[in-house]
Amino acid sequence: MTNTASALGLGPSGALAPLRAKWGWIVALGVVYVIAGVIALGSVVMATIASVYVVGIMMLIAGVFEVISAFQIKTWGRFLFWLALGVLYIIAGFVAFDNPLLTAVWLTLILGAALVASGIVRIFLGFNMQHGSPWIWVVVSGLITLLLGVIILVHWPVSSLWTLGIFLGVDLVFAGASWIGLGMGLRQAA
């Protein structure tokens, strides 16, 4: 099996060899992520607005491509559907730029509802996995997700000011820590 992994470039001398030489850059990337995460956590309202702008950009790009793909459709019914969908995405993208705090309010509501639903589903799945698996961890994960969603919804719409910013900051810090860990591990393996 080791020969197969090496032949596919997955072994010790395969895919990791080019990364080992760049371990310092990977650690530096991790440090940048951590610094950005700490800045985001220090100003969660600005991080929330930045998150909304990113969502707005993604909606604009998606809308433009939806409109372009609409012109590839040959039937009028589908053409109008794709065109309307693209135009709605573009409008939503402009609304995100025009009023980022209002957009954050609705994104936070959707996020809170999604976390509640996800938590309930995980708890249900965990209790249905009780036979021969570590089901308790799935239930605990579901409870934490459910609790987080409930906290967001109970404090909504005020939570809209900080929720997306905190999520962005925490994600950046953890991503940075993982890049730093990877880079240090590559350094030790070199």
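## Starting at I68

I68 is partly exposed, with a relative accessible area of 45% (here buried means under 20%, exposed over 50% and partly exposed in between, using a 1.4 Å probe and protein chains only). I68 belongs to helix α4 (helices are DSSP runs of H or I with at least four residues, strands are runs of E with at least two, and both are numbered from the N terminus). From I68 to A189 there are 121 residues in sequence and 48 Å in space, C-alpha to C-alpha.

A word on the model before going on. It is a predicted one, where local features need pLDDT of at least 70, side-chain atom pairs count only at pLDDT 80 or more, and totals for chains, interfaces and linings use all residues. Residues are numbered from 1 along each chain as its sequence is written, and side-chain values use heavy atoms, with hydrogens and water left out.

## The whole protein

In sequence order the pattern reads α-α-α-α-α-α-α-α. The protein is more spread out than a compact globule, because its radius of gyration is 22 Å, well over the 16 Å that the globule rule gives for 190 residues (the radius is taken over C-alpha atoms, and the rule is 2.2 Å times the number of residues to the power 0.38).

Along its principal axes, the C-alpha trace spans about 55 × 45 × 40 Å. Of the 190 residues, 26% count as buried.

Helix α3 covers residues 23–42, which makes 20 residues. From its first C-alpha to its last it reaches 29 Å, close to the 28 Å expected at 1.5 Å a residue (the expected span is 1.5 Å times one less than the number of residues).

The buried residues of α3 are I26, V27, G30, G37 and A40. They sit on the same side of α3, because they cover an arc of only 140 degrees around the axis (the arc of the directions from the helix axis to the C-beta atoms). As a reminder, an α-helix has 3.6 residues a turn, so residues three or four places apart point the same way.

Which residues make the nonpolar surface patch? Y53, I57, I61, V64, F65, I68 and F97 do, over about 620 Å². Patch residues have over 30% relative accessible area and no salt bridge; like charges are joined within 9 Å, and nonpolar side chains (Val, Leu, Ile, Met, Phe, Trp, Tyr) within 5 Å. A salt bridge is a side-chain nitrogen of Lys or Arg within 4 Å of a carboxyl oxygen of Asp or Glu, and areas come from the Shrake-Rupley method with a 1.4 Å probe, with only the protein chains shown counting as cover for residues.

Helix α4 (residues 44–70) gives the most to this patch, with six residues. I57 lies in α4 and is partly exposed, at a relative accessible area of 41%. T48 is also part of α4, but T48 is buried, with a value of 1%. T48 and I151 are 103 residues apart in sequence and 17 Å apart in space, C-alpha to C-alpha.

In helix α7 you will find I152, which is buried with a relative accessible area of 2%. I152 and G112 are 40 residues apart along the chain, yet their C-alpha atoms are separated by 5.5 Å.

P157 is in the loop between α7 (135–154) and α8 (163–189). The peptide bond from W156 to P157 is cis, with omega near 10 degrees. For context, most peptide bonds are trans.
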